[in-house]
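Here's a quick briefing to read with the model open beside you. Start with the helix packing, then move on to the chain contacts and the confidence scores.

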Amino acid sequence: MMANKVLDFLDKSKLELGPPGTAAAHHWRQAEDDGIVWLVLDCPDSPVNIVSEEVLTGLDAALRKLAETVPRALVIRSAKPGGFAAGADIDSFDRISGESAIRLLEQGHAVLDRLEALPCPTIAVIHGAALGAGFEIALACDHRIAIDGAKFAFPEVNLGLHPGLGGTFRLTGLIDPVEAMTLMLTGKSAHTQKAKKLGIVDIVTQERHVRAAVGAVVDGKIDPPAKGLKARAFALRKLRSLAAARMRAEAEKKAPPAHFPAPYALIDLWEIHGNDPEAMQKAEIASFAGLLDSETSRNLRRVFFLRRSLKKDGGGDDGISHVHVIGAGEMGAGIAGWAAIRGKRVTLGDISPEALARAIRQVAQICRDSHLNSIETRDALDRLMPDPKGYGYAGADLVIEAVPEDADLKAKIHREAGARMKPGAILATNTSSLALAELAKSVPDPARFAGLHFFNPVAKMQLVEIVSHDRTAPDTADRLAAFCASIDRLPAALRDYPGFLVNRALTPYLMEAMVLMDEGVPKVVIDRAALDFGMPMGPVTLADQVGLDICLDVAESLKSALDKPMPDISPRLREKVEAGETGKKAGRGFYDWSNGAPHPQATEAGPEDLQDRLILPMLDACMECLRMNVVRNADQVDGAMIFATGFAPFRGGPMHYARTRGFDRIRDRLAELADRHGERFRPDPGWDE
Amino acid sequence: MTRAVYLVDGARTPFLKARGKPGPFTPVDLAVQCGRPLLARQPFGADLIELVILGCVNVIADEMNPARVAALRLGLPDSTVAFSVQINCGSGMQSIDTALRYIREGSHDIILAGGTEALSHAPLVLRREAVEWLGSLNNARDVVTRAKAMAGFRPQFLKPVIGLERGLTDPVTALNMGQTAEILAHRFGIDRATADAYALDSHQRLTQAQEQGWLEDEVMPAFDRDGNAYPQDDGVRPDSDMQGLAKPKPAFEPPYGKVTAGNASQITDGASWTILASEQAVERHGLSPLARIVDSEWAALDPSVMGLGPVFSTTPLLRRQGLSCGDIDLWEINEAFAAQVLACLAAWQDADFCHEVLGLEQPFGRIDRDRLNVDGGAISLGHPVGTSGNRIVLHLANAMRRLGHRRGIATECIGGGQGGAMLLEAV
């Protein structure tokens, strides 16, 4: 149809890039129009701009020429439809350290100083994301024009760093320093309207008005953002110290200084140098170079690469536009809602209208939590059709079964699904504990059957385990991985194994916590030990969060399926489940959840080997999975454990942590624990290889 | 030889009684709620729908041309044309009639035709004086004129006009719809007890239909964002009895009138869709039609007796088809008012009326209550005005199929003095 082509046609000249340019320097195109020079960043062979060393040298070369014949104005923007620039070249960070890092940083700073010093108006036009070093280039310009939808962020803190190309002093100099520090300390994005409100951008407009907006800036027809009283007050060291103390207290809640040095380095920078940009610039360079070498930053960068590598596994085309989810419980609703939010057409099947209604309320809440606006929320909910009659089976490209963990019930549903699905569609089960090989027996088309194990809550937990049994076609696993990527989740393709990877590794950790409780160690002491290691929550809290009934299910199925001895299932766990105190969802488990999540504060020190008794069985299970080829390699283990469980990210993942501590030491310590506490600690043979 | 046109499928929301505040769904929300499952159960993709026509009387400001908004929200392609139609209480049938003509003419093969109405969302309208006052306040450029304008405020400005009340009042005769029913009750001698008995029947029939699961494929449960499911029509009163129905005072012409809230249709929200297809489309996609749409007719008469619309539209339609009253196995006459339906039946049996007004030599005939509104109607279900015409055609097709009947008529009276009728034949 002609009508379907109209937008494609009109989109062809979407970005206003000035007149056709010539290659000015590596990665940059340059053109001049009416005395205004347009310098356009266009990194070759990449869908996004990365601010690499070449980009900065290219910019430097262009700026040197412009300093000789100064134009009326300089416009800097990106040629990539996706956005301005995604930040620095993180891959290169591993290659630089110490003195060489300082030298490189100084060179980079000199380029942006040159941009700042150019005697004509300099204007950054920003569409999409300007992150990290991209944001810093924009900050070195006199003016910023944001295209509606633009967003700005300094995500460096997530890599154990702070801004390193002048962001610390330029942003605190431009806007309310407390707001600037908050952006840098949290890594959160300032979306267009917020950026305007904060004074990051001078103008917000649409792509079609870029030329006119540039003209208005050049002609001096715009009012620069006003600088508030507050900003001036922070020129006083005393006031900065007061604010800094508050920031430190806030940071400690989420990132203890022992594990996360960067936020504190950043706060120090501003507290000491906040009234002296030159000194702050020098200090920023030294501080950044120091952080670059830190173990934390190395490991957090590793996490970044692990995410990229998991994402890459989902690189293909999923061929899935319609998903039918069976079972409107918390997981089914979470999966259906998330897929609908990410653009899939979803039918959610359940015979109970009440369950479907609760599911819709749950998804509406996810929309609110994800900050969707009213139109986005309406569209997501329109794409999600409650389906009490199961009309969705016939058209679905993927059917995800998410009913309770009952093998007979699942088998019955799989048979029904098989009969109603269209040829070529994939059937996936969200089981967390049942053996795929067993379930595959009642499936009409085993080649198109696999596990698709989401974690709770789906909207927050990024990992999805894709579990293949012996007869799963490789194409099926690939499409499921691509499906995960297309709904912004990270796929981990695994082989069928009791507990798969994540539950196999977590269960001994959770069970050992219960053994410890039975030994008389207070739950808060146990949880504190795990928190001190860097886990996002302690094992007792986690068990409550997962649901004690599910923990019991998984523990029992693992205990019977594995040769390796597991901790005995605590009678207290059974009692809790029988009493209906199943954890967070019931309002009470080991903790009382009626007033929100618990905040365990240790009242006493636990046994000397407490932390190892919790963590090492988890590492041992990971090693077992690796040895049994459940996973592809150690990196996949680390990525999966970090993105499914939040395993202390600054430690780089369980296998990386084990390697850092030494495989032989891990093995010896496990052997020691086995002698002391029982065979469940006996080290896996994998440590010897 | 004209092309045959089939009603292949249809679905509606439960009809939800307006309870004094805006209900959970806007007109387009309602259309989406029942449109999604209807499209999901078709053996063809939604992109094969060539045109969307939607009847709606009270369009809300956020949903101008609700047909187009609904089409896009249902995931139909950008390139699908969609328009809305409005002929008051006949709008939902007007959409079917328009679709019928497009397909018969040969320009289209598959059309989605519906009706939607959220009477609980009918706006509160500011009084004209209040609007003028706001305008003068807006235009005041300086403090003095502003103060002057402020001083012009009168407390009655705060008293809004209920849009719904205005909508149910005939703008030409200034008669409320209920009053037009009073006129018919008087003229055709329908007393209060007969009207109440008719209403009681309506509730009992709908109750039975719900209990027997006869509405299973027709009514799609609706779900709101607050976690509520609406499985079925909620205005029905299974425990209704004659004593209860005798209680309410006349709603429109107290104290002597006969029309009460109990024997009038309910104010309700709801939507309904039908899918029409050509014979070629039926063959190509292997569809199994519910019925063939044979013919349709619209008629107009004095607004003060609008309730006789079914008589004026149905009579010429049957005459054109060479059919008589006895050839029709099943009737759906929209229950705007019990007295109004009963007046239509009386008129058709009145030899003088049939002779002098309809030009018939013999009385048209008697429509047995067993063949009329067999599963209840607007008195028990409610009457979302833009939807009802669609619902009665869809339900007629479903009921004909269930009961094995050959021919059926769906017909309604239309505020403003009109009537619409449609003839279906089993396939």
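Angles under 35 degrees count as roughly parallel, over 145 as roughly antiparallel, 65 to 115 as roughly perpendicular and the rest as oblique. Keep in mind that this is a predicted model: local features need pLDDT of at least 70, side-chain atom pairs count only at pLDDT 80 or more, and totals for chains, interfaces and linings use all residues. Residues are numbered from 1 along each chain as its sequence is written, while chains are lettered from A and ligands numbered from 1 in the order in which they are written.

**Helix pair α21(A) and α23(A)**

- Helix α21 (residues 502–519) of chain A packs on helix α23 (residues 539–546) of chain A at an angle of about 115°, and their axes are 9 Å apart.
- α21(A) and α23(A) are therefore roughly perpendicular to each other.
- Axes here are lines fitted to C-alpha atoms, for helices over the stretch in contact, with angles running from 0 to 180 degrees between N-to-C directions.
- Helices (H or I, at least four residues) and strands (E, at least two) are DSSP runs, numbered from the N terminus.
- On the α21(A) side, the contact uses A:Y509, A:L510 and A:A513; α23(A) brings A:P539, A:V540, A:L542 and A:A543. Contact means that the C-beta atoms of two residues, placed from the backbone, lie within 7 Å.
- Sorted by type, the residues of this α21(A)–α23(A) contact are seven nonpolar, no polar and no charged. Nonpolar covers Ala, Val, Leu, Ile, Met, Phe, Trp, Tyr, Cys and Pro; charged is Asp, Glu, Lys and Arg; the others, Gly among them, are polar.

**Helix pair α26(A) and α28(A)**

- Helix α26 (residues 610–627) of chain A crosses helix α28 (residues 654–661) of chain A at roughly 105°, and the axes come within 9 Å.
- That makes α26(A) roughly perpendicular to α28(A).
- A:M618, A:L619 and A:C622 of α26(A) meet A:P654, A:M655 and A:A658 of α28(A).
- The residues of the α26(A)–α28(A) contact are six nonpolar, no polar and no charged.

**Where chain A touches chain B**

- Chain A has 22 residues in contact with 18 residues of chain B.
- β13 (345–349), α16 (353–369), α17 (374–383) and β14 (384–387) of chain A each give two or more residues to its side.
- α16(A) supplies the largest share of that side, eight residues.
- The chain A side splits into twelve nonpolar, four polar and six charged residues.

**Confidence**

- The predictor gives the complex an ipTM of 0.93 and a pTM of 0.93.
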